[in-house]
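Subject: Structure handover

Hi,

Here is the structure for your files. My notes on its cavities and aromatic rings follow below.

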Amino acid sequence: MMPEHFDVLIVGGGLSGIGAGYHLQANCPRKTYAILEGRDAIGGTWELFRYPGVRSDSDMFTLGYAFRPWKEAKAIADGPSILNYIRQTAADHGIDRKIRYGHRVTRAAWSSADAAWTVEAERGAARETVRFTCNFLFMCSGYYNYAQGYTPEFAGIERFAGRIVHPQKWTEDIDYADREVVVIGSGATAMTLVPELAKRARHVTMLQRSPTYVVARPAEDAIADMLRRRLPAKLAHTLVRWKNVLLGMYFFQLCRRKPAAAKKLILDGVRRALGPDYDVATHFTPRYNPWQQRLCLVPNGDLFRAIKAGSVSVVTDEIERFTETGLALKSGKALAADMIVTATGLNLQVLGGVALQVDGRPVDLARTLGYKGMMYSGVPNLASAIGYTNASWTLKCDLTCEYVCRLLNRMERKGYRQCMPINDDPSIREQPWIDFSSGYVQRSLDKFPKQGSKKPWKLYQNYALDVMSLRFGALEDAAMRYSNPVKVSA
């Protein structure tokens, strides 16, 4: 049986994949496409994570699509609202009819002779192997490992008599009402969980090995509300999007260029929220400079309010071992717990863990260079949608989709069947893909592609520069090679 063929295959039916479907329909209407989604529902990360209070740490005017205005009151939206936004976008544009659920892509092999990918997926519970072919493969699977979050090896963990749960595996039967809960971690997940759990738990302790920078921000955007009352929805959305982008870029540059000033600004905000007697130096003053790791956002200062109310405590210490009744800490102190939540991070994987081959040779992505943050040296007709680390994910993904559509249309006009970035510039120096000191990045960085020391291999993490490069920049440069391989006769 011949594999089903599409001009473009999109892998992943989450925020990025639905955006890619829209852009293809709008800008490449003659191209056929399908979306292969490993899970049984739309939504990706926002369908997977079910822990209490799950929300974005980016505002919805930048996390939302440029083509679909965010109309709800909260700019910092909860997970169910974001999931509904994704699903509604897919339904309104007929993108949901293009999705093949329960198709987990495992392998993709490129043939230059055929100028096509053969893509293998495991379908359904039986994991039946099915094959598709496509001329262009668009990976929109993010970089989280959906199968398993990260939990360190804790001594004595098997001794704990209560329940231990990782937020990525949260289920509806988990009962924390009137319980002593310890949340291990100080990242975005912990910051989200802790004030939400405190609403029903007897007490919640956030146990962190080291502090994180935390910034309070209103859950609703007053300027956005004003503009939406006075302007058409699309125009208001665009103006607020750019306002938030520029403010974010300004603050990021402040953190990089004047870290001491940025640090003081952040910590002054924490002191105002918690009062002069709180030990901000111990619990909210990191050892690194701002934006060497992601900042944590707390909408309306909910974490600070819970601390002041006495329903949440922060302990900065390290775990010696688990005990039957909680945790023994290296300081000699003990924490009692009925339930422990290991908000200890995520595991990253490259391109959804798909094994790639080009003309029979396995591709080691760690040995490739990233081209414009979306394609890979020596890998033809493949792009990936990966968002910013210092701004909203969708900002970069929208631009990536626009660029891919421009690329496909140019190839059709010129009669090219293959495009592939190649680095033959000896002056290019390899650099890490992401310049972050976060544990989840450092644990996986050796598996990721590298970036180069200058464009088009440099990953600038700058929306304004990427607008010029990806939306308006030339599609031809010294690195991108177009060709028209001889087609194999049937």
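Buried means under 20% relative accessible area, exposed means over 50%, and partly exposed is in between (1.4 Å probe, protein chains only). This is a predicted model, so local features need pLDDT of at least 70 and side-chain atom pairs count only at pLDDT 80 or more, while totals for chains, interfaces and linings use all residues. Residues are numbered from 1 along each chain as its sequence is written, and side-chain values use heavy atoms, with hydrogens and water left out.

Cavities

There are 2 cavities of 30 Å³ or more. A cavity is a set of points, on a 1 Å grid over the protein atoms alone, where a 1.4 Å probe fits but cannot get out; lining residues have an atom within 4 Å of a point. Volume is the space filled by probe spheres set on the points.

The largest cavity has a volume of about 70 Å³. Its lining includes Tyr143, Ile386, Lys396 and Trp433. By class, that lining has 6 nonpolar, 4 polar and 1 charged residues. (Ala, Val, Leu, Ile, Met, Phe, Trp, Tyr, Cys and Pro count as nonpolar; Asp, Glu, Lys and Arg as charged; the others, Gly among them, as polar.)

The second largest cavity holds about 40 Å³. Among its lining residues are Tyr143, Ile386 and Phe448. This lining has 7 nonpolar, 2 polar and no charged residues.

Aromatic rings

The structure holds 20 aromatic pairs. Rings of Phe, Tyr and Trp (its six-membered ring) pair if their centres lie within 6.5 Å; planes under 30 degrees apart are stacked, over 60 edge-to-face, the rest tilted.

Tyr143 and Phe448 pair edge-to-face, at 6.3 Å centre to centre and 80° between the planes. Tyr143 is in the loop between strands E6 and E7, and Phe448 in the loop between helix H12 and strand E24, so the pair ties together parts 305 residues apart in sequence. (Helices, H or I, of at least four residues and strands, E, of at least two are DSSP runs, numbered from the N terminus.) Tyr143 is buried at 8% relative accessibility. Phe448 is buried at 4%.

Tyr416 and Tyr482 are stacked: 5.2 Å centre to centre, 25° between the planes. They sit 66 residues apart, with Tyr482 in strand E25. Tyr416 is partly exposed at 29%, whereas Tyr482 is buried at 16%.

The charged end of Arg410 sits over the Tyr482 ring, 4.5 Å from its centre. (That needs NZ of Lys or CZ of Arg within 6 Å of the ring centre and within 35 degrees of the ring normal.)

Best wishes

Notes. 1 Å grid on protein atoms, 1.4 Å probe; cavity = no way out; pocket = protein on both sides within 12 Å on 5 of 7 lines; lining within 4 Å.
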